[in-house]
Amino acid sequence: MSTFITQLLSSGELEKHIYTTLQPAYARRYKSMMTAIERYLLPLEVALPQMDRDVVGGYFLWLELPKPLNADAVAQRAKAEENLIIGQGPLFAVYGDERKDLEQQIRVCFSWEAEENLSEGIQRLATVIRKMLRDP
């Protein structure tokens, strides 16, 4: 196994795969999800905490819910009503961190789900949020 990893690293194939396959794929997914967020969630006053949307890393986007919505409640209703799994902010709290803003934040993943499903997932999330804003 170590011989394989040594060859993979020294040959440059891993780096090539990252730059020619993974980064373009994740960039497309990110842009697809951002387009859906801008279209369906921003009008509901859901906010993107990250300032710079051109330079990103990772596999997730954080969203800040409009008041009075709570991340746990939104996640529960998204699962129950739309069979949609989202990460509620408090799940990602670090022991000893005094931050309270996680209670209004959710995390959505653009790396796992098929690219063609990302916009639909955001639309379904918008449906839940819209209902909760009308009738909390």
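This is a predicted model: local features need pLDDT of at least 70, side-chain atom pairs count only at pLDDT 80 or more; totals for chains, interfaces and linings use all residues.
A residue counts as buried when its relative accessible area is under 20%, as exposed when that area is over 50%, and as partly exposed in between. Asparagine 83, at 55% relative accessibility, therefore counts as exposed.

## Overall composition

The chain has 136 residues, of which 30% count as buried. Its secondary structure consists of four helices and three strands. Read from the N terminus, these elements follow the order α-α-β-α-β-β-α. Along the principal axes, the C-alpha atoms occupy a box of roughly 60 × 40 × 30 Å.

The accessible surface amounts to about 9,000 Å², and carbon and sulfur atoms account for 53% of it. The chain carries 16 positive and 19 negative charges, whose mean positions lie 4 Å apart. Among contacts between residues at least 6 apart in sequence, 63% join residues at least 24 apart.

## The sheet

Strands of a sheet pair through backbone hydrogen bonds, in either a parallel or an antiparallel sense. In this model, three strands form an open sheet in the order β1-β3-β2, with antiparallel pairing. Strands β1 (60-64) and β2 (87-88) stand at the edges with a single partner strand each, so one side of each has no neighbour in the sheet. Helix α2 (residues 13-41) packs on this sheet, where it touches β1 and β3. The direction of α2 makes about 15° with that of β1.

How many bridges connect β1 and β3? Five bridges hold this antiparallel pair. Strand β2 is joined to β3 (residues 105-109) by two bridges, and these strands also run antiparallel.

Individual residues show how the pairing is arranged.

Strand β1 has a covered face with Leu61 and Leu63, and an uncovered face with Phe60, Trp62 and Glu64.

Is helix α1 mainly covered or in the open? Of the 10 residues of α1 (residues 2-11), the number buried is zero, so this helix lies largely in the open. Glycine 12 follows α1 and has a positive phi, near 85°.

## Residues in the loops

Most residues other than glycine have a negative phi, and most peptide bonds are trans. Glutamate 45 has a positive phi near 70° although it is not a glycine. Asparagine 83, also not a glycine, has a positive phi of about 50°. Glutamate 45 lies in the loop between α2 and β1, while asparagine 83 lies in the loop between α3 and β2.

A further backbone feature occurs between lysine 67 and proline 68, which are joined by a cis peptide bond with omega of about 10°. Proline 68 is placed in the loop between β1 and α3 (71-82).

The loop between β3 and α4 (118-134) contains glutamate 116. Serine 111 is found in the loop between β3 and α4 as well.

| Residue | Relative accessible area | Class |
|---|---|---|
| Glutamate 45 | 63% | exposed |
| Asparagine 83 | 55% | exposed |
| Serine 111 | 19% | buried |
| Glutamate 116 | 65% | exposed |

Why does serine 111 count as buried? Its relative accessible area is 19%, and the class buried applies under 20%, so serine 111 falls within that class. Leaving aside residues up to four places away in sequence, serine 111 touches Tyr26, Arg29 and Tyr59.

Glutamate 116, by contrast, counts as exposed because its relative accessibility of 65% is over the 50% limit. Glutamate 116 and proline 90 are 26 residues apart in sequence, and their C-alpha atoms are 29 Å apart in space.

Conventions: Residues are numbered from 1 along each chain as its sequence is written. Side-chain values use heavy atoms; hydrogens and water are left out. Two strands pair if DSSP finds at least two bridges between them. Contact means heavy atoms within 4.5 Å. Axes are lines fitted to C-alpha atoms, for helices over the stretch in contact, and angles run from 0 to 180 degrees between N-to-C directions. Buried means under 20% relative accessible area, exposed over 50%, partly exposed in between (1.4 Å probe, protein chains only). Accessible areas come from the Shrake-Rupley method with a 1.4 Å probe; for residues, only the protein chains shown count as cover. Lys and Arg count as positive and Asp and Glu as negative; His and the chain ends are not counted. The place of a charge is taken as NZ of Lys, CZ of Arg, CG of Asp or CD of Glu.
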